[in-house]
Amino acid sequence: MRYLYFWMGIAILFILAGCNAVTGTVDPEQMTPPDVVVKINGDTYETVRGSFCWSNNRQGVCEEYAGSVELLADKEPIVAAPGEEVTIDIPNGLVPYEYSVDFSLTNQYENHVILAVDHKFTAPKEEGLYYFSYFARWKNKGNAFYAFLIEVDESARE
């Protein structure tokens with residue numbers, strides 16, 4: 001009977017040690033998705049991170065934000081020539097297993113999904129202001145929405 005109590009005590013210690021590891025502290029920077037940038041013609045531009053759900057070390061957080069039009073209300077657009085190549089890059093190298101890119105021309109959210117291959121696509125051919133959204137999903141980490149504004153202008157070819 002003494003051995004039974006001894007092994008039950010050891011089992012309880014292992015269980016408590018495991019529970020303690022789950023409630024340990026996590027660096028707040030590890031509780032947010034990576035930064036995403038847009039590259040056009042050799043220049044790099046920041047995006048605005050919107051809503052996301054992210055987890056690390058068995059802890060998770062979700063944050064909700066407005067859509068791309070509201071997120072970009074006070075941001076300067078990235079100027080690109082019609083049809084110019086646009087690359088979406090994640091500097092820390094954490095590549096998502098699934099992503100999509102879409103844009104809207106107005107604040108009515110009439111999203112148009114565009115084809116992006118290897119995180120690259122071409123800017124629209126018609127001049128105008130485009131509200132872009134980039135949605136990415138990482139295995140065992142979470143997902144995030146990013147927004148950026150591109151102004152397509154023929155004079156950008158110069």
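Author: A disulfide is a pair of cysteine sulfur atoms within 2.5 Å. Keep that in mind as we look at this predicted model.

Reader: Is the link of Cys53 and Cys62 right-handed or left-handed?

Author: Good thing to check. The angle about the S-S bond is 115 degrees. That makes the link of Cys53 and Cys62 right-handed.

Reader: Let's move to the pockets. How much space lies in the largest pocket?

Author: Rolling a probe the size of a water molecule over the atoms shows where empty space is left. For the largest pocket, that space is about 180 Å³.

Reader: Which strand supplies the largest share of the lining of the largest pocket?

Author: Strand 2 (43-46) and strand 11 (142-152) each give at least two residues to this lining. Among the lining residues are Ala147, Phe148 and Leu149. The largest share is three residues, and it comes from strand 11.

Reader: And how many residues of that lining are charged?

Author: The lining includes Glu46, Lys75 and Glu76, and Glu and Lys count as charged. Seven lining residues are nonpolar and one is polar, while the number of charged ones is three.

Terms used
Residues are numbered from 1 along each chain as its sequence is written. This is a predicted model: local features need pLDDT of at least 70, side-chain atom pairs count only at pLDDT 80 or more; totals for chains, interfaces and linings use all residues. Side-chain values use heavy atoms; hydrogens and water are left out. On a 1 Å grid over the protein atoms alone, a cavity is a set of points where a 1.4 Å probe fits but cannot get out, and a pocket is an open set with protein on both sides within 12 Å along at least five of seven lines; lining residues have an atom within 4 Å of a point. Grid points are joined across faces, edges and corners, and a volume is the space filled by probe spheres set on the points. Helices (H or I, at least four residues) and strands (E, at least two) are DSSP runs, numbered from the N terminus.
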